Amino acid sequence: MRERDIFLEALNRPAPADRGAYLDAACGGDQALRGRIDALLRASTSDTFLNVPVAEQLAGDLMTPQGSTDEHTLSVLGPPARADALGRLGHYEVLEVVGRGGAGVVFRAFDEKLQRVVAIKVLSPALAGSGSARQRFVREAQIAAAVVHENVIDIHAVEPAGPVPYLVMSFVDGPTLQAKVVRDGPLPVRDVLRIGLQIASGLAAAHEQGLIHRDVKPANILLERAPDRVKITDFGLARAADDASLTQSGLIAGTPAFMSPEQADGSPLDHRTDLFSLGSVLYTLCAGRPPFHAASAMAVLRRVCEAHPTPLPEVNPGVPRWLAAVVAKLHAKAPADRYQSAAEVAAVLARHLDRLQKGEGEPARAPRARRPWFRSSVVLGLVACATATLLAFAPGRDRGAVPEGISIAEPPAPPGPAQAAPTLHPPGPARPHPLEALAAAGSGTGLPPWVVIALSNPLPFRVPETPEAASWPVRSADGERLAVLCGERVLILDARSGVTVQTLTGNVREPGPREPVHRGTRAAFSPDGKWFVSGGGDSAVRLWNVATGKLERMLEEHKGRVFAAAFSPDGKWLATAGDAPLTAGEPSPAVIVWTVDDRSPQPPEVKLHRVLSRLPQRLTHLAFRPDGKRLAVTSFFDGCDVYVPDAGGRVATLRGLKRYEAVAWSADGSRLAVADDEGTLVHEAAPGTEDSFKVLHALPAPGKGLLAFAPDGHGLLTAGGFYFNNSGQRFTRWNLATGKPVATHPVRVTGSNLFFEVSADGRTVFVVAAHPRWDRVRVFDAPSGTEVYPPGDDDTAVAAVALSPDARAVATAGADGTLRVWDFERLAAGGSAGPRFLGKRALPARALAFSPDGKLLATFGPRDGTVALWDAATGRHLRELPGNSGDGAGLAFDPSGAVLAVGGSEAGAVNLYDPRTGARAGELRFGLGRIQELAFSGAGRALAARDGQVVQVIDPKTGAAGGAISTSWQRCLAVSPGGNQVAVANVATNFDVVRRWDAATGDSREALRGHKGSILALAFHTLGDRLVTASADGTVRTWDADAAGRCRNTTELHALGAPTCAAVAGHSRYAAVGLRDGRVAIIRLPE
């Protein structure tokens, strides 16, 4: 039997006893043969072959055992300071070698300054002399450090200088994902989903930073033993999205079995290459081996480009077909046919995982595939490939064996006397932090240079008081924007925050005395929100680009006033109602249907398609059916006509009212409502027809001002457009199953001629008026009828502020109860300067906290203790966590982001939640009263709580308590990263005193004096060497955190106004200061 056949058969016998007995028989006492087979079997379980980048394979790195501690490796270390250490790098005691590759070595080390175990990746001394190799190594650290996420390895520091550069990162106490599969074989479906979800989430974070990993594989996935979390590591091949395909020399970089087709053939790359690799990782978890295998690296690359892997259910019958379908979609050869984002993949996996966790069925464990990890032919082939490659690169050998069209990257060699340093692709400029970009642009407001930007907190939904008649406000289809026509201007507001995000100019004034001023115009957004159309008294239809505010088109086929405009839901049709000549003589009311071609370069091409038949009376409203195949048109005295917009034929006429001033379709198109200022008729299509209507309900309520179906089609909102007495206008919610009102809510105003709009979810009603002209859009909660921003509720002072850990966003709670989030990335990119509006409460939130990755925002309610969780990027409300103390304000994420701690409803109780699901995760008990504030240490090993008079520190994992710190009336709390110091402000007798305490014993260290007002915020630097304090005296001070407590510097804020609250980023480069005038100032602190 050949050596190859013995090896392959042995691989298929994973049980040690079975394999040993087989080898004894097959080798027949040939010890040399048995030794070679054993070596191959050991190699098949190492981090080699298909899990090693091509460059390392061809350079011979496979021939260097991992974990080797030869003298050349340890030569970079200085003498150790402790007996159990191998050596020393800076202030790190190196304890052992934990990994080695062609580029360098990874040590486990002890950080003496922060008292923690870390991993240190050191560039190989053989490469340290190459400037380009150093650049690439440092670039890896910068790239990885830019991604802050619980599923991406944390980079603590990088040292580019010295004999060899090195980076310091978190030490993960656990195996690689590859080692787990080698040990366990195919994983249970639940574990595949859990691990895949975390990998996808980490990749999504990297992709959001514009980075592509390019080497996603099981060997680059670390598994923490606790809390069972995945960490993506080794960003050595990562590139910016616009620089990700090739190195400057045009060579491929990556690992064959986990490359994407576009990576294997050297095509341009985007983030979707990582999704293909993620599919290969998931395949490996399900099958126990990689999806692509062949006898050589070149053959593997060819199979990646041309072949499809064996379907998972054939390899492992325990893999459900829906999971196989997810992997198959990730493995699509064309990037456009895959999932389009890692976030989308994460959402899909999360949905299936949730289903399994609810007990909807799953195999207890996916049965093992017959073949174990790394199919035998692949291992043997790559052994041969590595050996042949080493011979091919030996002196005098011809390299022509590499197939044409495929180039394999070589690692950079150290430059010698006759050899220039290799030319690598120069790393592109690191993308600056958005606050750095804003600082470079300058605030332009005459503020001090250390103020990066001062964000205004404008009064919501304010519009100018203009004498022209008002018109109906219009919302965009997605509900994000609200347009308000104000004479010659159209204001585009953020429909949630009420901030003006764009102003469209060039609209016309209302006509002269011959037209009643209350005659409003009904305008329209295009379905995608890119375009806005409005008519007016000068007969022109105007089309604006909403993003730029530019007037792009003037459609002048009408010959008189234009009353209304509407887009079809697919955006292909535009209908406008106004005066147009149908015959010689005076203009007659008519509807013009236009075709809209948005495929052409902006602006879209708009062409007249058809003029609908003569209409005897003035037109008031237009509405397309949701499928776009019918158009309803109301004529003031003549009824409601239904047309086929393409052909122009009239298919139905509805009558029964005195006047016809509003029309609306239900979401499914089966119901059509028409209304005037006295009553409303709801029609329903007869069974089996679409153009034969019968009256379902005659509602004794006006609908001219507002006529809108609920999103589910079972309810209706109505309101009149006139009001002439002091009792006020009202809007009514109707149940269409019964035809009865559900609730009627007053709109308590003084005036008449009201114009309404409703939000996309039907829960918010917007109102503007013509007489007298208001200075704001009135906003009402539809279910309760409560006015969200009542007159006189204009206290804009900032009551609480939070800065995200990476200082890329700031959240505020206004004294008027509003919650807002500003996105600095959006500001730096030139986006809207307005914040995202999260909601409004009766009282301001007591506390705000961002999750460590900045993606979640938690807010603490002022009365009932309800904690709300929000998506910080979109402002979407996610969930609420009840059962906490309404008297307190304790709120803190642990450093991993996996736990949210909240002061409970009982004395000394702290509730623990999983912020991703909202599930209660446990409870901690302090010997305190009601918890007022919580703070974790940077490493999460200590949690401090205060109740106003006493501070106590406990270990959140064991519940073991440290010393109690007792002092009169405290506020503001911070714990040092190592958990050994606690800082608290004393507000009973000396508002300016900050005291530091020993967390273990409760002994006071010293008082930091210098402020002349209440302390608003405390924060330790993430390195633990500095403490930053902000005060109502208008200063921010930085103190040494050592025993001396020296004040390093002071930043003056007097030019900004009176501070009300403050927050400091953990790295202490930036602080956010809330001001009494409603602004939020972001200041840059001295280094």
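Author: A charge sits over a ring if NZ of Lys or CZ of Arg is within 6 Å of the ring centre and within 35 degrees of the ring normal. This is a predicted model, in which local features need pLDDT of at least 70, side-chain atom pairs count only at pLDDT 80 or more, and totals for chains, interfaces and linings use all residues. Residues are numbered from 1 along each chain as its sequence is written, and side-chain values use heavy atoms, with hydrogens and water left out.

Reader: Over the ring of which residue does the charged end of R625 sit?

Author: The charged end of R625 is 5.9 Å from the ring centre.

Reader: How are the rings of F636 and F637 arranged as a pair?

Author: Rings of Phe, Tyr and Trp (its six-membered ring) pair if their centres lie within 6.5 Å; planes under 30 degrees apart count as stacked, over 60 as edge-to-face and the rest as tilted. The structure holds nine aromatic pairs. The centres of F636 and F637 are 4.5 Å apart and their planes stand at 80°, so the pair is edge-to-face.

Reader: Is F636 buried or exposed?

Author: Buried means under 20% relative accessible area, exposed over 50%, and partly exposed in between (1.4 Å probe, protein chains only). F637, at 49% relative accessibility, counts as partly exposed. Because its relative accessibility is 11%, F636 counts as buried.

Reader: Which residue lies over the face of W472?

Author: The residue in question is placed 3.6 Å from the ring centre of W472. It is R522.
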